[in-house]
Amino acid sequence: MERPDNLILVIFGATGDLTARKLIPALYSLKNQDLMPDRFSLIGVGRSELTTEQFREKMAEAIRTFTEEKEPDFSRIDSFLNCFYYRKINYNSARDYAELKLEIEKSCSEKGIAGNIIFYMATPPDVYVTISNSLYLAGLSRESEGYRRFIIEKPFGTDLASAVKLNRTLHELVDEKQIFRIDHYLGKETVQNLLVTRFANGIFEPLWNRNYVHRIEITSAESIGIEGRGEYYDSSGALRDMVQNHLLQMVGLTAMEPPSSLDADAIRNEVLKVFQSLQPIREEDVEKYVVRGQYTGSKIRGEYVPGYREEKNVPEDSRTETYVALKFFVNNWRWGGVPFYVRTGKRLPTRVTEVVVHFKQTPHHLFQRVIGKLAGNQLIIRIQPNEGILLKFDMKEPGAGFKVKNVNMDFHYRDMADVRVPSAYERLLYDVMTGDSTLFSRDDEVETAWKFVEPIQKAWENNPDIKVYGYPA
Ligand code: BG6
């Protein structure tokens, strides 16, 4: 891996949670691997009143608190933060953008940075358009001496219409190739490993279709609740927060055809085709194919855990789902008739994200009489935690007769000596800096994913009789 070219990174929403928890620790990890540019400046932009000194202190604290390194080395924090600056901004003020431009120019000339600039929108989504427009008007979005790249955090819109509108606005200002829509699941090692498992091993691909696969289950269970994000979460819910983006991307990588190359568009074209093949769930069928739930107050290891409606900034009568499970089909030759089950929820008994491919039973159950129901073959791709891959199959138990036992053949990343699994943001930030958009969602992918989700949103909006099941946290 090479160091990216010199650049300036401008983060909007620099005092927010995402910047502290994910972005700055990820950049620091890159720094420690000598994967940051030789010359680099970070301009944090936010609405809070803060000096550069205070910003640097906050970011130092963030690195110490949120690093994902097992044996962190904090010795380079000071030198790293020396190139951090902070600017307070009113997102609507043209003058503030003009001043930001001056600051960027100053940084470029002082540091000898030729003019590559990345703008990271880590703000609430309702200001993405305002910021992009203002950058355009301030002359900051035009590529002249260097590149201009825009990183857009999720959620990318709240429904199909808003996503189309946001895409349209962005395209009026910049080219699609300048836009990097983040879906941090695509930055996870094990999500990328789906591609390698499928397309580097001759043994799986021949089985990867309706002839041998009985069903596919994709689960992302979280044990945490909404972590103080009531205001955002209540207007979102599990469908928008997890399914439209992270889970459908996993469906895409699991179900796609082999791409002709590792080129960004070759891969994204295949994912898009999967999204286009999703059999729409009609509004009137939503109750049959989709289940939603909401956690209620409960005791976990003797301690009371509030229910969703008791969380801060959540209305007492909220019907927002914290759990959703759906069944659907991918209508193409490879997958016709194979059900896909996707589910995600908060405050579930365990934290696990995995893709499980259930293979069909043998055509003749020779041993069924001995062991009853056969467990069958499953390939489990464990995205997190305890990343790895597991194949379940039946073996004869030693001894008389034919007693059959379902056993595992497994591989865990942690067993690879000296292998460090980089954080998703580390990978994605590095990719933006080097201009690789493979792991970012394209405009048409995002819109097609919203199109699939839309009838479910509509059915829930229009039909208050569709149940929201309670489940104890
Ligand atoms: C985010 C969602 O995109 O992903 C959160 O907004 C969710 O609600 C998170 O908790 C899950 O990410 P991870 O990496 O912890 O699985």
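Predicted model: local features only at pLDDT ≥ 70, side-chain atom pairs only at ≥ 80, totals over all residues.
**Helix α14**

Helix α14 covers residues 443-462, a run of 20 residues. From its first C-alpha to its last, the helix reaches 28 Å, which is close to the 28 Å expected at 1.5 Å a residue. Of the 20 residues of α14, 14 are buried, so the helix is largely enclosed by the rest of the structure. Lysine 451 also belongs to α14. This lysine is exposed, with a relative accessible area of 55%, where the cut-off for exposed is over 50%.

**The ligand and its surroundings**

Which residues surround the ligand? They are Lys154, His184, Tyr185, Lys188, Glu222, Arg229, Asp241, Met242, His246, Lys346 and Gln384. By class, this shell divides into 6 charged, 3 polar and 2 nonpolar residues. Helix α9, residues 237-255, gives the most to the shell, with 3 residues.

| Residue | Distance to a ligand oxygen |
|---|---|
| Lysine 188 | 2.6 Å |
| Arginine 229 | 2.4 Å |
| Histidine 246 | 2.7 Å |

Taken alone, the ligand exposes 400 Å², and the protein buries 81% of that area.

**Cis peptide bonds**

Lysine 154 is joined to proline 155 by a cis bond with omega of about 5°. Proline 155 sits in the loop that runs between β5 (148-152) and α6 (160-173). From glutamine 384 to proline 385 the peptide bond is likewise cis, with omega near -15°. Proline 385 is part of the loop between β14 (378-384) and β15 (388-396).

**Positive phi values**

The loop between β14 and β15 also holds asparagine 386. Phi of asparagine 386 is positive, near 55°, in a residue other than glycine. Is asparagine 386 buried, partly exposed or exposed? Its relative accessible area is 32%, and asparagine 386 is partly exposed.

Arginine 301 has a positive phi as well, of about 45°, although it is not a glycine. Its place is in the loop between β9 (298-300) and β10 (303-305). With a relative accessibility of 82%, arginine 301 counts as exposed.

**A buried glutamate**

Glutamate 217 lies in strand β7, residues 213-221. Its relative accessible area is 17%; buried means under 20%, so glutamate 217 is buried. Which side chain makes a polar contact with that of glutamate 217? The partner is histidine 358, at a distance of 2.6 Å.

Definitions and conventions: Residues numbered from 1 in each chain as written. Heavy atoms only, no water. Near = heavy atom within 4 Å. Polar contact = N/O pair within 3.5 Å; in protein donor to acceptor, adjacent residues only side chain to side chain. Areas by Shrake-Rupley, 256 points an atom, 1.4 Å probe, with all protein chains shown as cover. Helix = DSSP H or I, 4+ residues; strand = E, 2+ residues; numbered from the N terminus. Nonpolar A, V, L, I, M, F, W, Y, C, P; charged D, E, K, R; others polar. Expected span 1.5 Å × (residues − 1). Buried < 20%, exposed > 50% of the residue type's maximum accessible area, 1.4 Å probe, protein only.
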